Amino acid sequence: MILIADSGATKTDWFIGTAADQGRTVQTEGINPFHQDGESIGRILHGSLLPQLTDSEVKACAGVHFYGAGCLPSTTAPLEACLQAAFPGADIAVRSDLLGAARAVCGTSPGIACILGTGSNSCLYDGTDIVRNVSPLGYILGDEGSGACIGKRFAGDCLKGLLPADLRNGWLEAYGLTPAGVLDKVYRQPLANRFLASLAPYIHRHRHRPEVAALLDDCFQSFFRRNVLAYGSPLPVSFTGSVAWYFQEEVKKAAVALNLSIGSFVLRPIEGLLTYHYQQQS
């Protein structure tokens, strides 16, 4: 029996079982060892995760595979220690969310793996590990193709009068905003990236309008040009994340325009990680 975890900013999906179709998934809040110390992580594991598992599951757990944001070699020690304390009989492996994405969408085959969600990231993957990564740089300097950057572009174009007035007015009304309120959320309130990414559902509803379609094509081509093309590889490009999943049509169109080969789309990495790890066991 193994435990597989995929952790994002807000939640962690945990799957425990003996096979991909013989187990169950539970959730806790997100764990990020870059921002949280061992005490905070321990509270989540002992206060939220373990109460959802049976004593027999904890004792039978032979391995923990944890993938998450902020899981860098310099930051993982407190998380590894907390997981070992919670599952004393298990081998513990903590790895980055990007490697988790690569294994989820590529399995054991080489490819280019991309995350398009609130932020964006990409890597060249050899079927086992990441061999190259173009730094995403965050939504101010980079994160092209992410929900935050698409929202930033849409909001800016609306407020500059570059998109039709009905799109602008419909957005402000739907979100209960004013132009001044938008500026306050972006420049004065915390987590501006999440606010900007929250515009994605409205953009998605209007994605077939020519002006929005052109905006999306520009955003996704920018992601490919500034990240994926840097790898200089003919390998297929695969995706995980909510933006990639719900804008598949637009992502594919942008990729084809740049002569890129498309691989697979996975909404949540945990789905592909089950296949990867249980195939590794067999």
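Gly 111 stands opposite Tyr 125 in strand 7 of this predicted model. Strand 6 (residues 111-116) and strand 7 (residues 120-125) run antiparallel and are joined by six bridges, and the two form a hairpin with three residues between them. Helices (H or I, at least four residues) and strands (E, at least two) are DSSP runs, numbered from the N terminus; two strands pair if DSSP finds at least two bridges between them. Residues are numbered from 1 along each chain as its sequence is written. In this predicted model, local features need pLDDT of at least 70 and side-chain atom pairs count only at pLDDT 80 or more, whereas totals for chains, interfaces and linings use all residues; side-chain values use heavy atoms, with hydrogens and water left out.

Strand 6 is also joined to strand 9 (residues 237-240), by four bridges and in the parallel sense. Across this pairing, Ile 112 stands opposite Val 237, and Cys 114 stands opposite Phe 239. Strands of a sheet pair through backbone hydrogen bonds, either parallel or antiparallel. Strand 6 is mostly covered, six of its six residues being buried, where buried means under 20% relative accessible area, exposed over 50%, and partly exposed in between (1.4 Å probe, protein chains only). Both faces of strand 6 are covered: one side carries Gly 111, Ala 113 and Ile 115, the other Ile 112, Cys 114 and Leu 116, and all are buried.

These strands belong to an open sheet of five strands in the order 8-7-6-9-10, with mixed pairing. Strand 8 (130-132) and strand 10 (262-266) stand at the edges with a single partner strand each, so one side of each is left without a neighbour in the sheet. On average, and with direction ignored, neighbouring strands of this sheet are turned by 35 degrees against each other. Helix 4 packs on the sheet and touches strand 6, strand 7, strand 8, strand 9 and strand 10; the direction of helix 4 makes about 120 degrees with that of strand 6. Contact means heavy atoms within 4.5 Å. Axes are lines fitted to C-alpha atoms, for helices over the stretch in contact, and angles run from 0 to 180 degrees between N-to-C directions.

A further open sheet is formed by five strands in the order 3-2-1-4-5, again with mixed pairing. Its edges are strand 3 (22-29) and strand 5 (91-96), each with a single partner strand, so one side of each is left without a neighbour in the sheet. Here neighbouring strands are turned by 15 degrees against each other on average, direction ignored. Within this sheet, strand 1 (residues 2-7) and strand 2 (residues 11-19) pair in the antiparallel sense over six bridges, and Thr 12 of strand 2 is the bridge partner of Ser 7. Helix 1 (residues 38-49) packs on the sheet, touching strand 1, strand 2 and strand 3, and its direction makes about 125 degrees with that of strand 3. Helix 4 (residues 97-106) packs on the sheet too, touching strand 4 (63-68) and strand 5, with its direction at about 95 degrees to that of strand 5. The buried residues of helix 1 are Ser 40, Ile 41, Gly 42, Ile 44, Leu 45 and Leu 49; they pack against strand 1, strand 2, strand 3 and helix 3 (77-86).

Helix 6 (residues 147-159) and helix 11 (residues 210-226) pack at an angle of about 140 degrees, with their axes 10 Å apart. That angle makes helix 6 oblique to helix 11, because angles under 35 degrees count as roughly parallel, over 145 as roughly antiparallel, 65 to 115 as roughly perpendicular and the rest as oblique. The contact is made by Ile 150, Arg 153, Phe 154 and Asp 157 of helix 6 and by Leu 215, Leu 216, Asp 218, Cys 219 and Phe 220 of helix 11.

Glu 250 is found in helix 13 (residues 248-257) and, at 8% relative accessibility, counts as buried. Leaving aside its neighbours within four places in sequence, Glu 250 is in contact with Arg 207, His 208, Leu 216 and Phe 220. Thr 178 lies in the loop between helix 7 (165-174) and helix 8 (179-187) and counts as partly exposed at 44% relative accessibility. Thr 178 and Leu 159 are 19 residues apart in sequence and 10.0 Å apart in space, C-alpha to C-alpha.
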